[in-house]
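Please open the structure in your viewer, and keep the selection tool at hand. The stops below say what to select and what to look for there.

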Amino acid sequence: MQSNKGDNMKNNISKIKETKVKQCFSYEVIMLVHVIADDETTAQNQLNEQGGIVTKRDVKLVNSTVLYGEDKDK
C-alpha cells in the first residue's frame, strides 16, 4: 500500500495571492484660502475646524515610493 503523504502535501499548498503595487505619493501644496468671519481669532478657529474657500491651489509632486508589491516595469 502506497502512502498518499506526498499528494496530501501538494493539496495543502495554496497559491500566494498576488498583491497590487501600493505607492505613497508626497505632494507640496500651496493654497490661498478665504475665511469670512468677524475677527481673526474666529477666522483661525473656523479655518482649523471647517476650512475655508479655496481660490488658488498649486500642487507639486515631491516624491513617490513603492510601499509593497512588485513594480513589474522595473
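Predicted model: local features only at pLDDT ≥ 70, side-chain atom pairs only at ≥ 80, totals over all residues.

Residues are numbered from 1 along each chain as its sequence is written, and side-chain values use heavy atoms, with hydrogens and water left out.

**The whole chain**

Begin by colouring the chain by pLDDT, which is the predictor's confidence in each residue, from 0 to 100. The mean pLDDT is 85, and 76% of the residues reach 70 or more. Next, show the chain as a cartoon, where you can look for 2 helices and 2 strands, which run α-β-α-β from the N terminus on. Here helices (H or I, at least four residues) and strands (E, at least two) are DSSP runs, numbered from the N terminus.

Now show the surface of the chain, whose accessible area (Shrake-Rupley method with a 1.4 Å probe; for residues, only the protein chains shown count as cover) comes to about 7400 Å², with 48% of it belonging to carbon and sulfur atoms. Buried residues make up 1% of the 74 residues, where buried means under 20% relative accessible area, exposed over 50%, and partly exposed in between (1.4 Å probe, protein chains only).

**Helix H2**

Select Asp39 and Thr41 at the start of H2, where a side-chain oxygen of Asp39 reaches to within 3.2 Å of the backbone nitrogen of Thr41. Then move to Gly51, which follows H2 and has a positive phi, near 90°.

**Thr55 and its partners**

Select Thr55 in strand E2, which counts as partly exposed because its relative accessibility is 47%. Leaving aside neighbours within four places in sequence, Thr55 is in contact with Leu32 and His34. The side chains of Thr55 and His34 are also joined by a polar contact of 3.1 Å, a term for a pair of N or O atoms within 3.5 Å, of which, within protein, one must be able to donate a hydrogen and the other to accept it, while residues adjacent in sequence count only if both atoms are side-chain atoms.

**The nonpolar patch**

Finally, select Phe25, Tyr27, Val29, Met31, Val54, Val59 and Leu61, which make a nonpolar surface patch of about 650 Å². Which strands supply at least two residues each? They are strand E1 (22-34) and strand E2 (53-68), and E1 gives the largest share, 4 residues. Val29, in strand E1, counts as partly exposed because its relative accessibility is 43%.

Note on methods
Patch = residues over 30% accessible without salt bridge, like charges linked within 9 Å, V, L, I, M, F, W, Y side chains within 5 Å. Salt bridge = Lys/Arg side-chain N within 4 Å of Asp/Glu carboxyl O. Contact = heavy atoms within 4.5 Å.
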